[in-house]
Amino acid sequence: FIMFGRLGLEHYGNRTIAVVRSDPEKLRRTFWSIYAMQCMTSVASCLVYVAVIHIAFPGDILVYWMQGLYVLSALFDVSWYFYGTEQFRITTLRSLLIRGLIIAGMFLFVHTKDDLWIYTLIMSACFLLEQLLLLPFLLRQLRPVRVTWREIAVHFKPNLKLFLPLAALSIYNWMDKLMLGVISGNEPVAYYNYADSIINLPKGATPVDFAYHI
């Protein structure tokens with residue numbers, strides 16, 4: 001759901017921002033038009049997520065509501081702007097701070113298998129907080145501007161072109177876990193997932209990739 005909420009913005013957003021970053025006015029209009037599109041797709045993804053968890057997974061509704069914070073985070077993810085303008089210091093310090101909070105939270109509050117909901121809440125809330133921390137820096141640099149539907153619409157097609165191969169690759173990578181969960185339940189997926197994450201870390205997986213695995 002996060003993937004559908006962001007579409008191909010991880011690549012399209014920072015690339016488009018990088019092209020116009022030398023023109024302040026164009027940069028401002030480009031960002032807000034792309035972000036308007038992101039709001040549309042993210043809100044749609046959140047609504048579908050809420051419908052799906054109530055229809056398909058009523059037994060684990062508390063955990064799924066907490067994981068909904070992951071999906072909501074796609075609405076506030078503006079990291080692509082900072083990557084496009086090469087402001088890596090802000091994003092790096094933010095990530096280090098959040099990783100530290102996650103580790104501290106795990107040691108302080110997660111002790112038994114009954115603390116699953118606490119674990120889920122810590123992970124989801126910290127991931128949402130990671131996105132929210134960038135908003136003050138963004139608003140300090142780019143004041144909001146009203147954009148037209150035409151300015152928003154031009155971003156859908158090129159964004160979808162980048163999203164489709166990403167979706168195909170992601171579905172391929174996740175299908176084994178989905179099938180294992182359907183066949184064997186949650187516990188085997190957890191063992192498999194962590195083993196797979198450890199294997200992929202030396203390949204250059206980012207902290208966000210690892211968070212998605214979790």
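Is E151 buried, partly exposed or exposed? E151 is partly exposed, with a relative accessible area of 23% (buried means under 20%, exposed over 50%, partly exposed in between, with a 1.4 Å probe and protein chains only). The model is predicted: local features need pLDDT of at least 70, side-chain atom pairs count only at pLDDT 80 or more, and totals for chains, interfaces and linings use all residues. Residues are numbered from 1 along each chain as its sequence is written, and side-chain values use heavy atoms, leaving out hydrogens and water.

**Salt bridges**

- The structure holds eight salt bridges (a side-chain nitrogen of Lys or Arg within 4 Å of a carboxyl oxygen of Asp or Glu).
- R29 pairs with E151, the closest N and O atoms being 2.9 Å apart.
- This pair links distant parts of the chain, with R29 in helix α3 (residues 24-56) and E151 in helix α9 (residues 149-153), 122 residues apart.
- R29 counts as partly exposed at 24% relative accessibility.
- D77 forms a salt bridge with R6, with 2.5 Å between the closest N and O atoms.
- D77 counts as buried at 5% relative accessibility, and R6 counts as buried at 15%.
- R94, R99 and E130 are linked in a network of salt bridges.

**Packing of α4 and α7**

- Helix α4 (residues 61-76) and helix α7 (residues 116-132) pack at an angle of about 10 degrees, their axes 8 Å apart.
- α4 is therefore roughly parallel to α7 (angles under 35 degrees count as such).
- The residues of this contact (heavy atoms within 4.5 Å) divide into 15 nonpolar, five polar and no charged.

Conventions: Axes are lines fitted to C-alpha atoms, for helices over the stretch in contact, and angles run from 0 to 180 degrees between N-to-C directions. Helices (H or I, at least four residues) and strands (E, at least two) are DSSP runs, numbered from the N terminus. Angles under 35 degrees count as roughly parallel, over 145 as roughly antiparallel, 65 to 115 as roughly perpendicular and the rest as oblique. Ala, Val, Leu, Ile, Met, Phe, Trp, Tyr, Cys and Pro count as nonpolar, Asp, Glu, Lys and Arg as charged, and the others, Gly among them, as polar.
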